[in-house]
Amino acid sequence: MNARAVIVQAKAQPVLGLFLGVCLAVLLSSLVASNAWAQFDKTAWPANVVTPKIETLDLQGKAWNTTELAGKVVVLNFWATWCAPCKDELPTLQTLHDISDSQTVVLTINVREPAARAARYMQSTGMTFPVISDAKGEWAKRWGVTVYPTTILISPNGQARWRIVGDVDWSGAQANAWLADVRQNGSPSNATSKAASPKR
């Protein structure tokens with residue numbers, strides 16, 4: 001090997017190392033992204049805890065109440081604009097809102113922020129699902145929510161079935177299966193029997 005070939009090879013090695021490093025970084029980031037939606041904890045709503053009643057107006061002035069929601073699966077999501085995982089999750093709730101039939105309702109609660117801030121955020125992102133303002137955190141307290149995002153799945157009979165803490169892809173197959181289960185097995189007796197089943 002002549003001197004020129006040695007110089008070319010010496011220059012190529014750092015470039016090759018950089019290329020391999022970039023490839024490895026891309027591969028690792030794709031693996032991390034595929035697991036991004038796995039960071040949640042799904043538990044049955046406690047059988048001895050009464051489901052709080054829903055009786056309020058959303059930011060658009062529409063009235064929501066437990067009677068009107070009877071017969072529907074309700075995806076009740078607690079979020080805030082300062083919560084990065086919430087902001088990752090919200091577009092998937094918008095997709096669910098857009099594709100759902102009249103038997104599934106996405107209802108969200110913006111916690112401990114002025115209503116105007118939540119309204120501005122919705123307008124700036126183009127999201128249109130219903131938002132209830134919980135500026136003082138009273139709704140969060142009533143539903144036992146301390147971590148954001150948290151979502152409560154409520155069955156057509158008005159009973160809370162599942163509490164999911166952490167962000168979820170609500171437009172994905174896993175969430176779709178949860179909603180189908182809640183729709184089909186919404187009786188209080190079924191909800192109680194499910195409490196001992198695996199979390200996910």
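How many aromatic pairs does the chain hold? The count comes to five aromatic pairs, where rings of Phe, Tyr and Trp (its six-membered ring) pair if their centres lie within 6.5 Å, and planes under 30 degrees apart count as stacked, over 60 as edge-to-face and the rest as tilted.

The model is predicted, so that local features need pLDDT of at least 70 and side-chain atom pairs count only at pLDDT 80 or more, while totals for chains, interfaces and linings use all residues. Residues are numbered from 1 along each chain as its sequence is written, and side-chain values use heavy atoms, with hydrogens and water left out.

**View 1. The aromatic pair of Phe40 and Trp178.** The ring centres of Phe40 and Trp178 lie 5.4 Å apart with planes at 75°, so this pair is edge-to-face. Phe40 belongs to strand E1 (residues 40-44) and Trp178 to helix H6 (residues 173-184), 138 residues apart; helices (H or I, at least four residues) and strands (E, at least two) are DSSP runs, numbered from the N terminus. Both Phe40 and Trp178 are buried, buried meaning under 20% relative accessible area (1.4 Å probe, protein chains only). Ring pairs join Phe40, Trp170 and Trp178 in a cluster.

**View 2. The aromatic pair of Trp45 and Trp143.** The planes of Trp45 and Trp143 stand at 65° and the ring centres are 5.8 Å apart, so the pair is edge-to-face. Trp45 is in the loop between E1 and strand E2 (55-57), and Trp143 is in the loop between helix H5 (138-142) and strand E7 (150-154), so the pair ties together parts 98 residues apart in sequence. Trp45 is buried at 6% relative accessibility, and Trp143 is buried at 1%.

**View 3. The largest nonpolar core and Leu107.** This core, a set of buried Ala, Val, Leu, Ile, Met, Phe, Trp, Tyr and Cys residues joined through side-chain atoms within 4.5 Å, has 46 residues, of which Leu76, Phe78, Leu107, Trp143, Leu153 and Trp170 touch the most other members. Strand E4 (residues 73-79) gives the most to the core, with six residues. Beyond its neighbours within four places in sequence, Leu107 has contacts (heavy atoms within 4.5 Å) that include Ile54, Trp64, Leu69, Pro130 and Ile132.

**View 4. Lysine residues over tryptophan rings.** Lys42 lies over the face of Trp162, 3.6 Å from the ring centre. The charged end of Lys62 sits over the ring of Trp64, at 4.7 Å from its centre. A charge sits over a ring if NZ of Lys or CZ of Arg is within 6 Å of the ring centre and within 35 degrees of the ring normal.

Definitions and conventions:
Buried means under 20% relative accessible area, exposed over 50%, partly exposed in between (1.4 Å probe, protein chains only).
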